Amino acid sequence: MTKGLRSEKTETLGVSLDEVNLAQMNLKGVAKNTPFDFNENLSRQFDANVYLKREDLQVVRSYKLRGAYNKIVQLSEQEKNNGVICASAGNHAQGVAYSCQQLNIKGKIVMPTTTPQQKIKQVKWFGKDQIEIILHGDTFDDASAFAHQLSQEGNITFIHPFDDEKVIAGQGTVALEILNQCNQPIDYIFVPIGGGGLASGVISVMKTLSPNTKIIGVEPSGAASMAEAIKQKQSVALAKIDPFVDGAAVKKAGEKTYKICAEGLETTCAVPEGKVCSSILRLYNEDAIVVEPAGALSVSALDFFKEEIKGKNVVCVLSGSNNDITRMEEIKERSLQYEGLKHYFIINFPQRAGALKELVNEVLGENDDITYFQYTQKNNKETGPAVVGIELDKKEDLDGLIFRLENHHFDYQYLNTDNTLFSLMIG
């Protein structure tokens, strides 16, 4: 965790309260006043009063509509006539598309060519005939560069996903709603961070109206760009990110948002992607709440603060629910690995009858299960390698499994800790 650089002059931190109040007026009848729910399961687990701000139930299933609409509605008539453009393959694209449809403004959405059809269809659905989708490049950076190029060439306003004061003000309306919906002092707010727009909006409101509330910024471990910016005391681009938590996997935090978050956050917390997956499954299984990976970040961080939040009033912002159902197998897989229940090995089997039977009968525990097995017999070889995936009943069973593998003289290589080989064999 990385401590923020706290400032005593909190009344001027972020965008002004007047700007956020204006955004709330602009969003009336467009964005939902989303539910604010007490969560009994999490409250019992952490011995705290845990509330969920349900932005996963927003019109476009994420908070992004708030900032996009607030920015676009305040453009000049000439700018509106020229249209708008953005680069996004996710929630920001949907927010911009819906805003264009509501305001009868033409918009261009630039997406990487690798964007799944499901996401393209969703953006088209929200934007109707007001938007044009342009597929360009293999990565988001390619798409973003092309969008900026088109913006300059066509004099079209670029709608930034987070590093814009009107976007930040729009996201700040989440905090205004929380304060109106909660009838007791809030001790902690856990807010997901990608580029920092939502966190900056929340800071802008809370530091003025509820200065004693501690704001925790939560990032995925594989893309903790805000923590790095705070550490380096400037916004810097990460060399590499894990794109799994796609709604928050940002290489570089915003210039404006970094300055606000550096002063206004109590701390940042980087959550492993596997932990996020476990939270997604738990929210679904226990509360029938469907969230995307970024939407589960805030809840995922509670474990790391369990001593601090005991007896406190805690709010977690569930930022979105645009989850592709085809990802559920990967989510389950990552969760099992993080929980220490799923393990992969390359095992060199002696090419003799009964070798596999020996593994099953003598090496596997009573509740161990082979869930993956890939083997090709090699001619004129004494041994043949097989990739074996084993799911355990308890993570503590791994030591016994390793002991039995070695005791029965199986030649093996453990894959979970070898990221390069693991991705080649399994990924």
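In the predicted model, C86 has I109 of strand β5 as its bridge partner. C86 belongs to strand β4, residues 84-87. Strand β5 covers residues 107-111 and pairs with β4 in the parallel sense, over 4 bridges. The chain passes from β4 to β5 through helix α5, residues 91-103. This β-α-β crossover is right-handed.

Strand β4 also pairs with strand β7, residues 157-158. These two strands run parallel and are joined by 2 bridges. Here V84 stands opposite T157.

The side chains of β4 divide between two directions. V84 and C86 point one way, whereas I85 and A87 point the other. Side chains in a regular strand alternate between the two faces of the sheet. On both sides of β4 the residues are buried.

Helix α5 is mostly covered, with 10 of its 13 residues buried. The buried set runs through N91, H92, A93, Q94 and G95, then V96, A97, Y98, S99 and C100. After α5 comes N104, which has a positive phi, near 60 degrees.

Definitions and conventions: Residues are numbered from 1 along each chain as its sequence is written. This is a predicted model: local features need pLDDT of at least 70, side-chain atom pairs count only at pLDDT 80 or more; totals for chains, interfaces and linings use all residues. Side-chain values use heavy atoms; hydrogens and water are left out. Buried means under 20% relative accessible area, exposed over 50%, partly exposed in between (1.4 Å probe, protein chains only). Two strands pair if DSSP finds at least two bridges between them. A crossover is right-handed if, with the strands pointing away from the viewer, the path from the first strand over the helix to the second runs clockwise.
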